[in-house]
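Please keep the sequence and the model in view while reading the points below.

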Amino acid sequence: MLYIDCPYCGSRGHEEFTYIGDATKKRPDSAEKSDSAWFDYVYLRDNPRGPHLELWHHSLGCREVVKVLRNTLTHEILGAGRPGDEIAMPDAETER
Amino acid sequence: MAEYSVFSLVRNALTGHKNWQRAWRDPEPKPSYDVVIVGGGGHGLATAFYLAKVHGIRNVAVLEKGWLGGGNTGRNTTIVRSNYMLDDNSHFYEKSLQLWEQLSHELNFNVMFSQRGVLNLAHSDGQMDRFARRGNSMRLNGVDAELLDRNQVKKMVPHLDFSEEARFPIYGGLLQPRGGTARHDAVAWGLARGADRLGVDIIQNCEVTGFKRSGNRIEAVETSRGTIGCGKIGFAVAGNTGYLASRLGLKLPIESHVLQAFVSEPLKPFFDHVVTFGAEHFYLSQSDKGGLVFGGDLDMYNSYAQRGNLPTIDHVMRAGLAMVPSISRLRLLRHWGGVMDMSMDGSPIIGKSPIDNLYLNCGWCYGGFKATPGSGWVFAHTIAEDAPHPLNAGLRLDRFERGHLIDEEATGAVPGKH
């Protein structure tokens with residue numbers, strides 16, 4: 001089990017959450033006309049091996065969206081907060 | 001190296017099995033090769049085999065960071081099928097299935113290909129309609145498919161839950177009789193031996209750590225066993241494509257996820273086909289050793305870890321019990337995880353990359369094993385001719401940008417849903 005420190009509920013098992021995905025993707029402005037900006041947003045991912053900023057929906061808890069920093073190689077959870085929070089990346093000794 | 005035959009078996013039996021030769025060499029890497037394939041799984045080995053056999057390109061190295069078949073080739077549930085609906089997938093996977101049908105003979109190595117039939121269960125009228133549509137598409141594309149009603153399924157697989165209490169009553173199913181299973185380790189070993197006999201260098205314990213670039217080309221790969229020059233380079237590294245691409249500054253429409261698989265303690269033969277549950281993600285077959293082999297959903301979060309988590313195991317077991325209640329007291333012998341390169345439309349990517357001499361073979365999602373020979377066949381063609389084979393023309397990388405997705409499940413750009 002992964003334990004995610006929900007900023008509203010405290011530490012909860014990950015089976016209460018629904019994974020949303022990469023938290024670094026920003027939806028382009030709706031006036032954005034270039035196909036490449038939308039292509040990048042919809043399809044391309046950094047897919048890092050190491051720390052990964054991601055969004056989880058606390059669907060069986062407070063139903064808020066939580067931002068989590070998690071290592072994709074070890075599954076270690078390095079931090080969690082609200083979607084607007086800045087979560088500090090660890091020093092880059094782990095692989096990108 | 002000698003051909004395997006009944007005579008070589010008898011001769012070696014009479015001499016106490018002391019004279020068997022190794023199945024492939026263990027060469028030191030040369031300073032450079034015409035083609036370097038990164039990844040010594042089924043796909044990389046099949047690519048090298050067909051490069052040498054069909055295209056006459058024999059100055060080829062396959063670089064493997066661990067041991068042959070230690071990645072997803074040895075971590076799948078060994079299922080082979082070609083029951084796809086969309087044209088780009090259908091023709092490609094059917095070619096692959098045809099290659100499977102002659103693979104043991106072609107390799108002089110028994111890959112234990114067993115065409116025991118793959119049955120997808122339906123649990124509603126809507127699902128039956130959908131299967132009828134897929135079956136018709138398959139038949140129009142020359143692929144075998146049979147729509148079975150409830151009684152036909154019951155006759156074929158009596159162990160399923162046909163009781164009144166079944167949470168998901170079985171309405172029928174879609175059968176591909178030519179589908180089945182193969183022995184996955186034998187596939188890696190047979191292809192390695194076949195490629196080696198044609199002159200391909202298979203280099204194990206050789207991890208690619210970086211690249212030497214010159215303009216828009218890759219001149220050489222840096223590895224744990226030194227720098228190796230390359231004329232052309234192909235990636236066949238499944239879940240680690242994202243990592244290698246990041247080393248080259250490439251962003252791909254891929255997320256890496258972990259998928260778990262399981263095998264039970266061995267039983268006497270009782271489950272004769274490959275059966276997939278239509279109400280949940282679950283599939284079951286029985287190996288020749290007697291263990292029930294099964295798998296389910298992804299763990300659903302990005303992962304490079306090759307190991308999964310308990311809630312998913314619980315979920316898979318529940319699905320299994322709903323489909324085959326009689327396995328309730330069976331014990332699990334082993335379980336493991338593999339890293340899937342989940343593409344954004346659920347279909348693979350085989351083709352050229354934005355770098356001139358780099359070719360990509362990735363995005364296999366749940367289903368790379370069945371594609372092993374077909375993947376090697378078209379990837380070898382793509383590398384040799386610097387242009388895709390007609391069978392992978394639609395599987396190109398730029399299909400996402402052009403909007404020509406091959407989304408078999410129609411679930412959109414959410415990797416976990418495929």
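1. A definition is needed at the outset: two strands are said to pair if DSSP finds at least two bridges between them. In general, the strands of a sheet pair through backbone hydrogen bonds, either parallel or antiparallel. With this in mind, Val275(B) can be located opposite Leu284(B), a residue of β14(B). The strands concerned are β13 (residues 274–277) and β14 (residues 282–286) of chain B, which run antiparallel and are joined by 3 bridges.

2. The model is predicted. For the complex, the predictor gives an ipTM of 0.94 and a pTM of 0.96. The mean pLDDT of chain B is 96, and 100% of the residues of this chain reach 70 or more.

3. The C-alpha trace of chain A spans about 40 × 35 × 20 Å along its principal axes.

4. Which strands make up the open sheet of chain A, and in what order? The order is β3-β4-β5-β6, 4 strands with antiparallel pairing. At the edges stand β3 (18–22) and β6 (77–81) of chain A; each has a single partner strand, so one side of each is left without a neighbour in the sheet. On average, neighbouring strands of this sheet are turned by 30° against each other, direction ignored. Between β3(A) and β4 (residues 51–57) of chain A, the antiparallel pairing extends over 4 bridges. Within this pairing, Thr18(A) has His57(A) of β4(A) as its bridge partner.

5. Chain B contains an open sheet of 8 strands with mixed pairing, in the order β5-β6-β4-β13-β14-β15-β12-β16. The edge strands are β5 (146–149) and β16 (332–343) of chain B, and each pairs on one side only. From one strand to the next, the twist averages 25°. Helix α4 (residues 125–140) of chain B packs on this sheet and touches β4 (118–122), β5 and β6 (172–176) of chain B; the direction of the helix makes about 20° with that of β6(B). Helix α8 (residues 310–323) of chain B also packs on the sheet, touching β4, β12 (254–266), β13, β14, β15 (291–302) and β16 of chain B. The direction of α8(B) makes about 135° with that of β15(B).

6. Two packed helices are described by the angle between their axes and the distance between the axes. Helices α2 (residues 42–54) and α6 (residues 184–197) of chain B pack at an angle of about 30°, with their axes 9 Å apart. Angles under 35 degrees count as roughly parallel, and α2(B) and α6(B) are therefore roughly parallel to each other. Their crossing is left-handed. Among the residues that meet are Leu45(B) and Phe49(B) in α2(B) and Leu191(B) and Ala195(B) in α6(B). The residues of this contact comprise 8 nonpolar, 2 polar and no charged.

7. How are α3(B) and α9(B) oriented to each other, and why? The axes of α3 (residues 87–107) and α9 (residues 372–385) of chain B come within 7 Å and cross at roughly 110°. Since angles of 65 to 115 degrees count as roughly perpendicular, α3(B) and α9(B) are therefore roughly perpendicular to each other. The crossing of α3(B) and α9(B) is right-handed. The contact includes Phe92(B) and Trp100(B) of α3(B), and Pro373(B) and Trp377(B) of α9(B). By class, this contact has 6 nonpolar, 4 polar and 1 charged residues.

Terms used. Residues are numbered from 1 along each chain as its sequence is written. Chains are lettered from A and ligands numbered from 1 in the order in which they are written. This is a predicted model: local features need pLDDT of at least 70, side-chain atom pairs count only at pLDDT 80 or more; totals for chains, interfaces and linings use all residues. Side-chain values use heavy atoms; hydrogens and water are left out. Axes are lines fitted to C-alpha atoms, for helices over the stretch in contact, and angles run from 0 to 180 degrees between N-to-C directions. Helices (H or I, at least four residues) and strands (E, at least two) are DSSP runs, numbered from the N terminus. Angles under 35 degrees count as roughly parallel, over 145 as roughly antiparallel, 65 to 115 as roughly perpendicular and the rest as oblique. A crossing is left-handed if the near helix is turned anticlockwise from the far one by less than a right angle, and right-handed if clockwise. Contact means heavy atoms within 4.5 Å. Ala, Val, Leu, Ile, Met, Phe, Trp, Tyr, Cys and Pro count as nonpolar, Asp, Glu, Lys and Arg as charged, and the others, Gly among them, as polar. pLDDT is the predictor's confidence in each residue, from 0 to 100.
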